[in-house]
Amino acid sequence: KRKREPAPVHFALNNAAVLIQRWYRRYVARLEMRRRCTWRIFQSIEYACEQDQIKLHNFFSYLMDHFTPSSSKERDFISRMFVSGESFKEAELEKYCDYESMEVPDSYTGPHLSFPLLPDHATTLLEAFKRKQQLHARYVLNLLHETRKHLKQLPNISHVSTCYSEEVTVCGDLHGQLDDLFLIFYKNGLPSPSKSYVFNGDFVDRGKQSLEILIVLFTFLLVYPNEVHLNRGNHEDHMVNLRYGFSVHGRKILKMIQNVFCWLPLATLIDQKVLIIHGGISDTTDLDMLEKIQRHKFISVLRGKKRKESNRNVEIQEIIGESKADASAAEHDAASSPSPQPQPAQAPSMTNRLEFSKWVRQMVQEQIERCRQLVDSESEEEELTYSSFVSMTDLNAPCWTRQEEWKQILDILWSDPMPQEGCRENTVRGGGCYFGPDVTKKILEKYSLQFLIRSHECKQEGYEFCHSRKVLTIFSASNYYEIGSNRGAYVKLGPDLVPHFVQYQANKTAHTLTMTQRISRVEESAFRALREKLFAHTSALISAFKAYDKDGTGRITLSNWATAVESVLRLGLPWRMLRPQLAHSMADGMLEYKSWLEDLAMEQQSQEHIQSGLLEVIYRNRSNLETIFRIIDRDHSGLISFEEFHQTWKLFSSHMNIELTDDGINDLVRSIDFNKDGNIDFNEFLEAFQETEFNSDCQKASNWVPSLES
Amino acid sequence: GLRHTIREELRHSLIAEIEKKVIEAFEVFDHECNKTVDVREIGSVVRSLGCYPTEAELQELLAEVEEEEPTGYIHLEKFLPVMTRVLLERSYQPIPEDVLLHAFEALDENKCGYLTKEELVKYMTEEGEPFTQEEMEDMLSAALEPETNTVCYKDYITLMIVDDV
């Protein structure tokens, strides 16, 4: 379409308009870029956290495989670390979390619960929480008990039919954001005989009201057991809770919750056509296996993959223990084990102590193995280790290894869809897979399903389709990263199984902001988090920068800055795009990295404050640290090197969510190296705390393994 | 001679730097992680690299980077050399604040320092390379003073420049 030649005045006006439009469109594009970068920052930091957690786990798994505890104290520590998710027997659990003996004082003005629960209890609870009241621990424990009893009867895969209730509402991650749950109930109505709900996992962590969400969901679950369905998410896992701070409640409550989470069903099926799982699937997903495994055995899904019989060593020490010297006693032990066994090879001569011990150890190991195989089926006792023996629970059923079962659960709780075809390890999260559209197609066909509903990933609009609308992600925690970052949504399905979405945002102020303001605000938050991360890697960054600045000028090019930062942080972010908001360049396009890092440091808390915080943390955890030291100190010399301590501390602190400069750690370490020989005598180190002022204050401080007094 | 060699070296490292920038920007919009960007989003990539093309200029650019048979996607392979050249040649220069102000003043016939809502809408949606309704609404949401239904363009420009890092 050709315009006729415009008159001069009009020409000027036209030009002006083009100019303004050109400028404006560039502004909007830049805003869009900023929005996407912000999102990437939040996501990469979030997933890096999950990765850290798993790294720490792998670290301890590795230690477990190669470490023999030399004292009962150490054995306790290891037990607590790995078997702390032990599944109690019913009676033991009741005794431990004895709520009946807990008195509810007259001064208590919160809601009272009595069992069996009635709809009124649910509404009363909601009202109470809206008024910011708390539920008394006695009722919490009682509720958790009843919930556990109920969940135990449920199958691994819940079945829902749309012929009984007109519509089913599916909600995604809530992450402790109670306001979002209130909003959902307000917009959609409470659960009732005519209103079914499926909550697809990740009820806890990150948000501030995780316990309240659990209480509300469990209450409705008990009041309307046919209409309310809960799926387990990857955050319904006490190892993950440790990282994200859900472990702040009393020890008993926490123990009960551990024993409730493991009983949550793994999936929900609507009309046999729509599969709802928290994370996703993999190319080996087997619904038949998922239906049959004993889901409660997997208290935490976050474990190291391959493990040797390290726990065996613990038992063996018990048996051999003090009677190492007494060979005959050891022989007696081996012979008196419950089952008969084939005759071992000729025992080595007793004069060769080492050989003999080894042989005895081997015998005993085999004994334990056999005992476990027989006992496995009956026992509901402590969680079993992950050696790959065949599950003997049902002799007629196919035999899967514990390893295979574990992978099934890991995959459905942790996987993410990807655009490309195929199925590969989800290295970003550290668990589960990335599954492609071909995997989706295969699994849907295999089980005659129409589509999948999953959660696990935050989406800007609260929901998103992928894989040609065969996979729906639904995410119900609005403003997840920051106020204005995203909407939450829930989806309703009728008998036609056509999804209808409702979106919302829990914070009113988000609506009144302009697009620019909203993006700016979220962006600020993202960059703050990013700067903290950069600060925490100061030492590594300086080394990386220096590699590009051999002459020691203190300056590097922007390009080298970007490359160096990525090599240290490994977040996969577009650093050149982000640079203008992170670091100022000089007129010649170079960056003064030393002063930049100094500016970052100033922004964070002062060095002094960190230092005292660090000491405090160390003091509080000194018995654990002691154990860790011993683990590191292979040659039992009583000394560990700076490097070893540094490594240990880094892992430890990433688990604790403490971000410290490497310099801070180095300074601390140097100050406790009393004889300046580059080694830490940790006995001296620990003794040093006896004199500190933290003594009295920290007497009652808690350990980081969940053992807080209620 | 030596000077030539040094100049070449610098040019090479400059090009390398530019290429890294282009790839980064491209990847932000590459949702399928397969080195392609939807043709409708290429404009955002180009603009966020600091260029201010008109829609017509953008179309010209697209013609250079599209496939023989347009697929709706632009491949990094084709985009990279073209975009690198654009940045090297500094095409589509940024618009300085004062030039922008003059443009608004040109639309302000009565020289009163502001435009009425109707005037702005008329110019933006009927002249130049017209805005879509969405674009118009977005601009108004930040620019319009609701009490007077006018746009004080000087303030608006100041606001936007500050925001635009």
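**A loop tyrosine and its setting**

A: Let's start with A:Tyr108, which sits in the loop between α3 (90-96) and α4 (119-130) of chain A. Helices here are DSSP runs of H or I with at least four residues, strands are runs of E with at least two, and both are numbered from the N terminus. Do bear in mind that this is a predicted model, where local features need pLDDT of at least 70, side-chain atom pairs count only at pLDDT 80 or more, and totals for chains, interfaces and linings use all residues. Residues are numbered from 1 along each chain as its sequence is written, chains are lettered from A and ligands numbered from 1 in the order in which they are written, and side-chain values use heavy atoms, leaving out hydrogens and water.

A:Tyr108 counts as buried because its relative accessible area is 15% (buried is under 20%, exposed over 50%, partly exposed in between, with a 1.4 Å probe and protein chains only). Leaving aside residues up to four places away in sequence, A:Tyr108 touches A:Gln134, A:Leu135, A:His136 and A:Tyr139, where contact means heavy atoms within 4.5 Å. A:Leu135 is 27 residues from A:Tyr108 in sequence, and their C-alpha atoms are 9.4 Å apart.

Stepping back, chain A has 27 helices and 18 strands. Of its 710 residues, 56% are buried. Among chain A contacts with a separation of 6 or more, 75% join residues 24 or more positions apart.

Now for the partner chain. In all, 39 residues of chain A are in contact with 47 residues of chain B. The two chains bury about 4200 Å² between them, with 64% of that from carbon and sulfur atoms; buried area is the accessible area (1.4 Å probe) that two parts lose on being put together, summed over both. On the chain A side, A:Trp23, A:Arg25 and A:Arg26 lose the most area to chain B, together 19% of what that side buries.

Four salt bridges are counted between chain A and chain B, a salt bridge being a side-chain nitrogen of Lys or Arg within 4 Å of a carboxyl oxygen of Asp or Glu. A:Arg576 and B:Glu24 meet in a salt bridge, at 3.3 Å from N to O.
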